[in-house]
Amino acid sequence: MYEQLKIPKTCSVDKTIFKKMFLENSDLSAKDKKVFSDMIGKVIWKYSLKVDNYYLRPYVDEQREYREIEILEVQLNKQSKEKRISELIMHAIPYPMILVFRFESEIQLWVSHQRNSQNDRDKNVLEDLLGTKWLQEADLADILPFEQFKRTNCYVFYSEVVDAISRFNVKDYSKQNLSGEEARLLLKKETEKEMKLAKLRAQLKKETQFNKRVEISMQIRKVEKE
């Protein structure tokens, strides 16, 4: 699957990151530790992209320190709680990364820009955590055409990755050629509408008065039309 991305062999790491490393993290709640134990089969550090093997210069400013980009594969026992697992891994390993979740023959991608916490330099803050739907392995290169991405530095390259996934996530909503930022804004609006729709449907289910049911139904149709 990864051969589609045409990553040089010199970038390969291919080492297991044992779950014990995450489970011994004192910041994890008992609930999160159970998620790791139950949901994850294996975590593999597949690639590390940096200046000496992928010609990506480090990027450092007051908020970020991007010296390399990691690609990790997370083999899941079942399709569940992917967003939470992504958050836990990205907080535990504070590097910009592409998480490739695998379940049987399907994959799912997760990315997020990171910045240093103002209160604790040893901790990171995730910005706009993005995940795709479940995909076939053959879709990977179409979503992430690495050879077309700018390699000015690690931050620019990772931004290209985030933008590509952002555009992929809104292709069902828009056929326009959107920028990554425009795509994320559109996705945010659509997500808000979906949440509003779910809330209205829940209200309709509980409502017993006929006139209020009619009113809620009209609101539902309006949001569905949007």
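For the entries on packing I take contact to mean heavy atoms within 4.5 Å, and I take helices (H or I, at least four residues) and strands (E, at least two) as DSSP runs, numbered from the N terminus. I note that this is a predicted model, in which local features need pLDDT of at least 70 and side-chain atom pairs count only at pLDDT 80 or more, while totals for chains, interfaces and linings use all residues. Residues are numbered from 1 along each chain as its sequence is written, and side-chain values use heavy atoms, with hydrogens and water left out.

**Entry: H7 and H8**

I looked up which residues meet between H7 and H8. On the H7 side I found Lys 193, Lys 196, Leu 197, Leu 200, Arg 201, Gln 203 and Leu 204, and on the H8 side Arg 213, Ile 216, Ser 217, Gln 219, Ile 220, Val 223 and Glu 224. Sorted by class, the residues of this contact are six nonpolar, three polar and five charged, where Ala, Val, Leu, Ile, Met, Phe, Trp, Tyr, Cys and Pro count as nonpolar, Asp, Glu, Lys and Arg as charged, and the others, Gly among them, as polar.

For the geometry I used axes that are lines fitted to C-alpha atoms, for helices over the stretch in contact, with angles that run from 0 to 180 degrees between N-to-C directions. The axes of H7 and H8 (residues 210–225) come within 10 Å and cross at roughly 160°. That makes H7 roughly antiparallel to H8, since angles under 35 degrees count as roughly parallel, over 145 as roughly antiparallel, 65 to 115 as roughly perpendicular and the rest as oblique. The crossing of H7 and H8 is left-handed, a term for a near helix turned anticlockwise from the far one by less than a right angle, with right-handed if clockwise.

**Entry: H6 and H7**

The axes of H6 (residues 154–169) and H7 (residues 180–206) come within 8 Å and cross at roughly 45°. H6 is therefore oblique to H7, and their crossing is left-handed. I listed Val 162, Asp 163, Ser 166, Arg 167 and Asn 169 from H6, in contact with Gly 180, Glu 181, Ala 183, Arg 184 and Leu 187 from H7. By class I read three nonpolar, three polar and four charged residues in this contact.

**Entry: cysteines**

How many disulfides does a search of the whole structure find? I found zero, with a disulfide taken as a pair of cysteine sulfur atoms within 2.5 Å. For Cys 11 the closest cysteine sulfur is that of Cys 154, 11 Å away, which is too far for a bond. Cys 11 counts as buried because its relative accessibility is 1%, and Cys 154 is buried at 0%; here buried means under 20% relative accessible area, exposed over 50%, and partly exposed in between (1.4 Å probe, protein chains only).

**Entry: single residues**

Is Leu 144 buried or exposed? It counts as buried, at 2% relative accessibility, and it lies in the loop between H5 (140–143) and H6. Setting aside residues up to four places away in sequence, I find that Leu 144 touches Leu 5, Ile 98, Leu 109, Phe 149, Val 161, Ala 164 and Ile 165. Leu 144 and Gln 4 are 140 residues apart in sequence, yet 9.4 Å apart in space, C-alpha to C-alpha.

Lys 15, in strand S1 (residues 12–16), counts as exposed at 53% relative accessibility.
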